[in-house]
Amino acid sequence: MKNSPSFVGLQWFTVAVMALLLSTGYLKHTEAQRVRCDPVEISWCLQAMVSNMPPSSTCCQRLKGQEPCLCRETSDPTFGGYLRLPGARRVAAACGVNFPNCR
């Protein structure tokens, strides 16, 4: 059965479909899928977000690690409100983090 023409044809068809899906980006992992999104990581930046204090290096490191997750985390019931403050964009800019325009 392994060498039958229909089995070999099925293998080539499967490979061709996978190649097509990969080349179009359909099966590509997004950055947010590779990063563990954890809104608690944002807590390291709360003091800087609600005051005029500059962010700490720990804050920037944690914020950079959550960059692909920021849109998702803006809806978090605990920390999302802080990410919607103007101070969050200021902290992100100071840390060199691209703060997305979430819809």
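Reader: What does the accessible surface of the protein come to?
Author: Accessible areas come from the Shrake-Rupley method with a 1.4 Å probe; for residues, only the protein chains shown count as cover. Here the surface is about 7,300 Å², and 59% of that belongs to carbon and sulfur atoms. This is a predicted model: local features need pLDDT of at least 70, side-chain atom pairs count only at pLDDT 80 or more, and totals for chains, interfaces and linings use all residues. Residues are numbered from 1 along each chain as its sequence is written, and side-chain values use heavy atoms, with hydrogens and water left out.

Reader: How many helices and strands are there?
Author: Helices (H or I, at least four residues) and strands (E, at least two) are DSSP runs, numbered from the N terminus. This protein has 7 helices and 0 strands.

Reader: Where does Thr74 lie?
Author: Thr74 sits in the loop between helix 5 (70-73) and helix 6 (80-83).

Reader: Is Thr74 buried or exposed?
Author: Buried means under 20% relative accessible area, exposed over 50%, partly exposed in between (1.4 Å probe, protein chains only). Thr74 has 13%, so Thr74 is buried. Across the protein, buried residues make up 28% of the 103 residues.

Reader: Which residues is Thr74 in contact with, leaving aside its neighbours within four places in sequence?
Author: Contact means heavy atoms within 4.5 Å. With those neighbours set aside, Thr74 is in contact with Gly80, Leu83, Arg84 and Cys102.

Reader: And Cys95, which residues is Cys95 in contact with, leaving aside its neighbours within four places in sequence?
Author: Apart from those neighbours, Cys95 is in contact with Pro55, Cys59, Cys60, Leu63 and Lys64.
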